[in-house]
Amino acid sequence: MHHTWTLRAISAALTLAFAAAALADDPWVVYEGKEGPGKGKHIVLVSGDEEYRSEEALVQLGRILAVRHGFKCTVLFGMDPDGTINPTNVSNIPGLEALKTADLMIIATRFRNLPDDQMRHIVEYVEAGKPIIGMRTATHAFNIPPGKTYSKWSFNSKEWDGGFGRQILGETWINHHGYHGKESTRGVVAKGMENHPIVRGCEDIWGPTDVYTVRLPLPGDSKPLVLGQVLEGMKPTDPPVKNQKNDPMMPIAWIKTYQGRGGQTGRVFTTTMGAATDLASEGLRRLLVNASYWCLGMEDQIPARANVDIVGEYRPTNFGFGKHTKGVKPSDLKLP
């Protein structure tokens, strides 16, 4: 009998030890900033969409910002209880408390319904009037049912017209403008914005995702920086479509400001591009890096051609539902 209890006690202790070891891995990944202009600044990148592989795009963007530019980058993910990344889990993004020390939030979520204790960190960040970059589906970042604490942040809010997307980023979900999966996008710098620091060195912007519809003019002090030319096919060499989709062209990247609760002015950059496959474009990567500098008030430090070389291996998964790589843990994404 005593021997049986001893074995049980050992088994229980081992179980607890293995559980503790599993919990020791944080459900996020941090890339400590190397040397560069961003040293001392903290960027929190919030992924979580079922379709466009933000869990891959933001890891690569975070690596570039940390290794090439010196920013400390914390990347957050939609997570399952077993510690694996699951962007289809719409109600769990651990680590949002990192926004308390963030100088910039980069968000690429889609239709999230986060619990109040997680959502509160995003709300407090925005209410503080701090800078934000929204990518692709961030225009429809949240879908919180009526009656919940933060339901007005939803993409379809009537209480706060268009929710976070419309009110803070400049637009909510409207529609696909290009033919999804059939017509890719070439970025064309908007007339009169050729000398803006964000588009510096961004001569070649292309992505396989389609242009999103936005309502014109964009609200408030929004200024379009890049327009989306709809192409006939899925290659950067394809010609523009010969129909009304390019007359006028939709903005695919713009800047604006918003007011925090205390009257603070926050800078915003929004792009409706940003799938993992879009980041294969050097021009788009540079646009996002330059935008990070601008949002932080560091536009004077944007070089003629910011270094946006890929860090590590980058083989982005094509967009589509149910295509995320299963079984990946944040600890698997650390740099050697």
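Which residues does Arg 285 touch, not counting those up to four places away in sequence? The contacts (heavy atoms within 4.5 Å) are with Ile 64, Leu 279, Ala 280, Val 308 and Ile 310. This is a predicted model, where local features need pLDDT of at least 70 and side-chain atom pairs count only at pLDDT 80 or more, while totals for chains, interfaces and linings use all residues. Residues are numbered from 1 along each chain as its sequence is written, and side-chain values use heavy atoms, with hydrogens and water left out.

Back to Arg 285, which is found in helix α5. Helices (H or I, at least four residues) and strands (E, at least two) are DSSP runs, numbered from the N terminus. With a relative accessible area of 8%, Arg 285 is buried. Here, buried means under 20% relative accessible area, exposed means over 50%, and partly exposed is in between (1.4 Å probe, protein chains only). Thr 84 sits 201 residues from Arg 285 along the chain, and the C-alpha atoms of the two are separated by 27 Å.

Next comes the nonpolar interior. A nonpolar core is a set of buried Ala, Val, Leu, Ile, Met, Phe, Trp, Tyr and Cys residues joined through side-chain atoms within 4.5 Å. The largest one has 62 residues, and Leu 61, Ile 106, Ile 133, Met 135, Phe 269 and Leu 287 have the most contacts inside it. Helix α5 (residues 282-295) gives the most to this core, namely eight residues. A second, separate core has 29 residues, including Met 105, Val 126, Phe 142 and Leu 169. As for Met 135, its contacts beyond four places in sequence include Leu 58, Leu 61, Ile 106, Thr 271, Met 273 and Leu 288.

Helix α2 (residues 54-67) has 14 residues, and 19 Å separates its first C-alpha from its last, close to the 20 Å expected at 1.5 Å a residue. That expected span is 1.5 Å times one less than the number of residues in the helix. Of the 14 residues in α2, 13 are buried, so to speak a mostly covered helix. Helix α3 (residues 116-127) has twelve residues and reaches 15 Å from first C-alpha to last, close to the expected 16 Å. Its buried residues are Gln 118, Met 119, His 121, Ile 122, Val 123, Tyr 125 and Val 126. The buried residues of α3 pack against β4 (104-109), β5 (132-135), α4 (163-169) and β11. Just after α3, Gly 129 takes a positive phi of about 70°.

β1 pairs with strand β3 (residues 72-76) in the antiparallel sense over four bridges, where pairing takes at least two bridges found by DSSP between two strands. Val 29 stands opposite Val 75 in β3.

On to the charged groups. Side chains of opposite charge can pair when their charged atoms come close. A salt bridge is a side-chain nitrogen of Lys or Arg within 4 Å of a carboxyl oxygen of Asp or Glu, and a search of the whole structure finds 19 of them. One joins the side chains of Glu 35 and Lys 39 (3.5 Å, N to O). Glu 35 is exposed, with a relative accessible area of 62%, and Lys 39 is partly exposed at 47%. Another joins Arg 53 and Glu 55 at 2.6 Å, N to O, and both of these residues are buried. Arg 267 forms a salt bridge with Glu 299, with the closest N and O atoms 3.0 Å apart. Because Arg 267 lies in strand β12 (residues 265-271) and Glu 299 in the segment after α5, this pair ties together parts that are 32 residues apart in sequence. Arg 267 is partly exposed, at 26% relative accessibility. There is also a network of salt bridges linking Glu 203, Glu 282, Arg 286 and Arg 305.

Last up is Asp 238, in the loop between β10 (223-230) and β11 (250-259). Asp 238 counts as buried, at 16% relative accessibility. Its side chain reaches the backbone nitrogen of Met 234 at 3.0 Å and the backbone nitrogen of Gly 233 at 3.5 Å. Not counting residues up to four places away in sequence, Asp 238 touches Leu 231, Glu 232 and Gly 233.

Key. A polar contact is a pair of N or O atoms within 3.5 Å; within protein, one must be able to donate a hydrogen and the other to accept it, and residues adjacent in sequence count only if both atoms are side-chain atoms.
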